[in-house]
Amino acid sequence: MPNPIPSTPLPHTLPPAANAPATLQGRVVFVGAGPGDPELLTIRARKWLEAADAVVFDALVPPPVLAVINPHAQRHPVPREPAADAPPTGPGSVFEPGEAAGRLAAQLASTGRLVVRLKGGDPSVFGRLAEELQAVRAAGIPYEIVPGVTAALAAAAVAGVPLTNRSSASSLTILTGHEALEKPTGLDFQALADMPGTLAVYMGVEQAGKWSQLLLAAGKPATTPVTIVSRCSWPDQQVAATTLGACAGELKRGGWRSPAVVIVGEAAAVPGDAAMLPLSGRIVLLSRPAGQGDDLSLAVATLGGRCLQIPTVSIEPPASFQPLDECIRAASTYDWIVFASANGVRAFLSRLRHARLDGRGLGTARLAAIGPATRRALEQGGLICDLEPATFSSEGIVEALGTSVRRGRFLLVRADRGRDVMRVSLEAQGHHVTEVAAYTSRPVAALDDTTRGTLESTAIDWITVTSSSIAEAAARLFGPHLAHWRIASISPVTSAALIACGFPPTVEASEATSASLAAAMAAWEQAHRQSVCTTNA
Ligand code: SAH
């Protein structure tokens with residue numbers, strides 16, 4: 001949906017809109033943001049975020065989810081506490097974030113805006129939805145609620161445990177641990193302890209000593225399994241398995257960053273090593289250019305790992321398109337057009353279309369791809385790949401192609417820098433070779449503050465390095481960090497570049513593919529994994 005209303009900044013504190021008439025478009029959509037990973041947003045949540053004119057969001061919603069918001073939308077963070085100079089917002093000057101946020105959302109919607117009220121997890125679970133709805137209803141503004149993945153569900157998924165179990169857990173109770181001290185009678189701990197089910201304790205870190213003691217005193221066994229998940233689905237997520245008797249001590253020992261959810265019950269016992277995927281609980285930094293780690297992140301996710309993408313190089317147009325355009329016009333005069341990367345294919349196809357040409361413009365030239373990802377890029381462009389070498393490297397291409405024609409004409413489509421092996425070897429065999437730069441891969445100059453913060457706060461286990469230029473860029477950008485991470489290299493050439501930078505790889509892929517790179521990390525983990533009791537996940 002387009003964004004029909006121009007955004008003009010509005011003050012955060014607006015007068016109440018009790019009697020403001022709702023316009024046709026104006027509405028408030030309460031959207032559940034899920035636990036933090038944007039992949040856990042619902043499709044409908046994403047749709048509203050992309051269409052919003054204004055978004056009123058909680059402090060708990062992390063930046064990757066905020067990145068989904070329509071860039072032209074107004075953004076209104078809701079403070080946890082009132083600003084020091086804020087006027088009183090309710091009777092007795094008590095700050096009511098729910099009511100204030102609801103009034104702000106209603107006020108914005110009353111001017112015809114599509115307002116998303118973005119709340120962590122699910123809006124209806126400990127989200128002060130009742131107060132906000134009241135404000136929106138009072139203003140006569142139409143509203144919709146879009147559910148989100150609440151913390152307990154996301155945490156159980158991360159820990160790899162069910163929340164109910166036919167034999168031991170017939171119920172799931174979501175409760176706040178925060179009230180244990182102030183309102184010990186607010187919750188019936190006897191009933192909670194007796195219930196044959198799972199408890200998910202939200203806001204329970206500070207008062208863990210209290211609520212766990214109340215459960216124990218009510219007869220819940222001290223050996224009851226407990227799973228703690230902090231910052232679930234965030235890059236620095238942590239998971240620990242403990243027991244009801246020990247969980248308060250575990251939480252008190254510190255190192256637990258909020259928010260955290262505590263799951264109590266037999267059903268939620270974290271399984272042993274055997275049940276875990278090899279990369280379970282591991283964070284893998286993908287250093288490829290933005291938008292290009294997809295096959296690798298899928299391979300890592302399939303083996304249980306989670307990815308953090310920090311590009312170290314960016315793919316940009318070459319200094320001039322003229323040489324590439326000339327080669328494209330002459331494409332049908334070559335025996336072979338050889339693509340050294342999927343980026344090369346994409347750039348080539350884009351210039352082909354720019355010249356108002358398609359596959360017919362390539363005449364009888366045959367097409368070679370250095371490996372499966374490059375072949376797939378050709379296929380996605382509607383072209384058939386005639387040759388993919390047995391070994392996915394320049395040497396592999398030369399071996400497969402060198403003897404296919406005598407004194408052939410080769411066009412090599414590649415980056416503006418890199419190895420000359422293909423050209424030199426083919427020329428040595430008597431072929432005529434034209435090399436053309438289809439793109440340039442530029443090292444990222446410096447990390448921005450947000451990325452630096454993420455690096456500091458994330459327990460990264462692996463970095464994947466998929467080319468020599470990425471090896472050099474990573475060494476420069478991540479420097480001292482690299483010494484603490486395990487390094488997975490995609491090929492012998494990349495490994496050599498890493499060694500030259502002083503960071504020898506921990507593993508090397510047996511062939512230059514994403515699947516093989518992920519498998520190399522998995523094999524290492526399987527050989528070295530000792531305990532799942534406390535894992536950085
Ligand atoms: N509406 C939210 C809950 C808000 S109350 C939901 O449905 O998830 C805030 C509490 O939720 C936190 O104290 C914590 O217990 C839990 N929580 C929210 N996000 C979390 C996350 N990413 N990881 C772990 N716990 C989380």
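Just after helix α5, glycine 160 takes a positive phi of about 75°, α5 being residues 151–159 in a numbering of helices (H or I, at least four residues) and strands (E, at least two) as DSSP runs from the N terminus. This is a predicted model, in which local features need pLDDT of at least 70, side-chain atom pairs count only at pLDDT 80 or more, and totals for chains, interfaces and linings use all residues. Residues are numbered from 1 along each chain as its sequence is written, and side-chain values use heavy atoms, with hydrogens and water left out.

Colleague: Is strand β8 largely enclosed or exposed?
Modeller: Buried means under 20% relative accessible area, exposed over 50% and partly exposed in between, with a 1.4 Å probe and protein chains only. Pro225, Thr227 and Val229 on one side are buried, as are Val226, Ile228 and Ser230 on the other. Six of the six residues of β8 (225–230) are buried, so the strand is largely enclosed.

Colleague: Which residue of β9 is the bridge partner of isoleucine 228?
Modeller: Two strands pair if DSSP finds at least two bridges between them, and six bridges join β8 to β9 (residues 238–243), running antiparallel. The partner of isoleucine 228 in β9 is alanine 240.

Colleague: How much of the ligand does the protein bury?
Modeller: A nitrogen atom of the ligand is 2.8 Å from a polar backbone atom of cysteine 232. Taken alone, the ligand exposes 540 Å² (Shrake-Rupley method, 1.4 Å probe; for residues, only the protein chains shown count as cover), and the share that the protein buries is 91%.

Conventions. A polar contact is a pair of N or O atoms within 3.5 Å; within protein, one must be able to donate a hydrogen and the other to accept it, and residues adjacent in sequence count only if both atoms are side-chain atoms.
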